[in-house]
There are 2 protein chains.
Amino acid sequence: MRTIKDVAHELGLSVSTVSRALNDKPDIKKETREKVLEAMKRLNYSPNANARSLIQKKSNMIGLMLSDITDPFFSEVALGVEDVFSKVGYQIIYGNTFLDLDKEKQFLSNLLERKIDGLIMKPGKLDAELMSLVERLEVPVVLLRKLDENEKHLNISTIDVDHYMAAYKAVEYLINIGHQNIGFIGMSKDVNEEEERLNGFSDCLRDHSLEHSVDNVVISGTGIKHGGTGIQRLMEKKPKITAVFAANDLLAIGALEWLAKNNYRVPEEVSVIGFEDLEISSLHWINLTTVKLPRKKIGTQSAEMLMHMLSSENFEKKEVELDTQLIIRKSSGNKQINS
Amino acid sequence: MRTIKDVAHELGLSVSTVSRALNDKPDIKKETREKVLEAMKRLNYSPNANARSLIQKKSNMIGLMLSDITDPFFSEVALGVEDVFSKVGYQIIYGNTFLDLDKEKQFLSNLLERKIDGLIMKPGKLDAELMSLVERLEVPVVLLRKLDENEKHLNISTIDVDHYMAAYKAVEYLINIGHQNIGFIGMSKDVNEEEERLNGFSDCLRDHSLEHSVDNVVISGTGIKHGGTGIQRLMEKKPKITAVFAANDLLAIGALEWLAKNNYRVPEEVSVIGFEDLEISSLHWINLTTVKLPRKKIGTQSAEMLMHMLSSENFEKKEVELDTQLIIRKSSGNKQINS
DNA sequence: AACGTTTCCGGTAACGTTACCGAAATCTTT
DNA sequence: AAAGATTTCGGTAACGTTACCGGAAACGTT
């Protein structure tokens, strides 16, 4: 491995001069700079980023903490983040946590040692110990969800969509096309964004004076299979239901599958609506009405926010909300009069 | 940010002693070690990995170069890699290249500056300039595909599945259930693994003395849509076809969609078989017979190979082939006698 | 030709850590 | 209690780079 010293020695120059050439700094003659750059190429010299980080107290690396990169949501976010940062010479250290607190803490303390310049993360709970680690990083942070009321004091920026309003509007759409008995299928009480979606669902029903009780909400679990078990339980509790709002597309697809297998006609007998707009949701067998999330944009915009915080001296925290879009497909339709 | 000096000064010790405590080295009394560790916690000290890397000439970081993290194949590979390396305290720097040579070179030269310890990569072409960058890294490398004949001299390990044999066996299965007119839909001539799959397809037909000409091969493009255009062109050229082997699941799904829209019965009139076994391929509407790839295992095993190379003094390159599995579902069936 | 400016370059220190060597402190043996 | 053996510690150099300061060289002015 060649060092700046080798280059300096090769040309009979000092390391300072070579460093100046390398970093496009002033106080160096044009010709000597060119000579240096040429020698660098010839000697296959490549600067040592670790040494540079050490003295500049800036690593040009950022951390990206997400729960599961195989989740299409996160992989697109990751793509967006990389898209932005690779253009400005930052490297990304990524880690999957599966919302496991220990893994999250482990990853954060690794980042702490690496002296990263910034962090984009989607943790589970904002545990006190976790937040203490985040604070010790002493770098700007972008959180990929909203802050709860008791977290508002934290000095970190956030970016997210308005889950509440998106759900509200989706349910309102169902009501507008005639549905009066609408069910909800969720995966877990512990997920922030699902709670917001459920609140939007509930408030919308209440605002339209429609029946709403524990009977039209089922929390079944995560994944396609639980969409099936979810709607099954829902139909048992409330056979009159004509429309279902699922907390995400996978659940909705599972529900569609169950309905098909049990000879329900969609949307004539039951309308189904999802949340996220996965790529497969537009397949003609599925054709799911759903709420489209700007996944890649969440990635790019969070990266741009972080970039901005990195460059501006005293940044103030921002809380950004991105728009969603209701994509109407064939899994939803007017309530039939004779059903 | 606290340094080792702060800890040393706090206890009236030397930095050497503190370093010894930090790294569990000998030549230190048990009690002083405990005192030091306690002081580190109290002062919120965290070692600086960059400084450590500098003197140890070892960064504890590895590079992961893939084409597109939103591709389920790569995201699972990435998960597997992270799974293995996070357990041993390595960080992963990842980058998407979209098989763009410039992006690949850019990423590699970034890794060069970072002084990574190892690299796992899936590049497009093994361009000479690219390989020169890889060699300059002077670290063990695992390639996520096979080496061509003219690349065999390269001192890098590989891991991949046997695309040729997997395709061969898939086509043989179609032949065994009675099909004699089988078509192939591919996405591009430039993708190594597809070429292998096509060779397996061709050789299998030839070995069974079945008709094989340019007429039963269509190269249409990438993505679900091109599965539709692909099969359409295939049916125009060869209306007698009763089975189709698609180079990947997305193409197969596109083909299924086209068949459904054009009132072909699957598998009664046309059997369809894919390659990869995406999660959605098992949805009951699709139910695609396909070749299952051990995606996560490719990730974990490549990581373990790299780990091994990192620890052993003089590693020899290995070329590993993982098994595939033919998953038979309802998109394929016996050739009907009267068709 | 002497002076002041500007341009360009070199030397030294520093970043935070570990490697290495030598010396102090403690323990063992006689 | 003195000698040696062992344990424990400190000081210094080094990793590869940039920051900073001072001075030499080149230029322009009178």
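Helices and strands here are DSSP runs, helices being H or I with at least four residues and strands E with at least two, numbered from the N terminus. This is a predicted model, where local features need pLDDT of at least 70 and side-chain atom pairs count only at pLDDT 80 or more, while totals for chains, interfaces and linings use all residues. Residues are numbered from 1 along each chain as its sequence is written, chains are lettered from A and ligands numbered from 1 in the order in which they are written, and side-chain values use heavy atoms, with hydrogens and water left out.

I begin with DNA strand C. A residue is near a strand if one of its heavy atoms lies within 4 Å of it. There are 28 residues around DNA strand C, and Ser16(A), Thr17(A), Ile4(B), Lys25(B) and Tyr45(B) come nearest. Which element gives the most to this surface? H4(B) does, with five residues.

An N or O atom in the side chain of Arg20(A) is 3.0 Å from a base nitrogen of DNA strand C. Asn48(B) has a polar backbone atom 3.1 Å from a phosphate oxygen.

Now the salt bridges. A salt bridge is a side-chain nitrogen of Lys or Arg within 4 Å of a carboxyl oxygen of Asp or Glu. The whole structure has 37 of them over all chains. In one, Arg42(A) pairs with Glu10(A), with the closest N and O atoms 2.9 Å apart. This pair links distant parts of the chain, helix H3 (residues 30–42) and helix H1 (residues 4–11) of chain A, 32 residues apart.

Are the two partners in Glu151(B) and Arg145(B) buried or exposed? Buried means under 20% relative accessible area, exposed over 50%, and partly exposed in between, with a 1.4 Å probe and protein chains only. Glu151(B) is buried at 9%, and Arg145(B) is buried at 3%. Their closest N and O atoms are 3.6 Å apart in a salt bridge.

Technical notes:
Polar contact = N/O pair within 3.5 Å; in protein donor to acceptor, adjacent residues only side chain to side chain.
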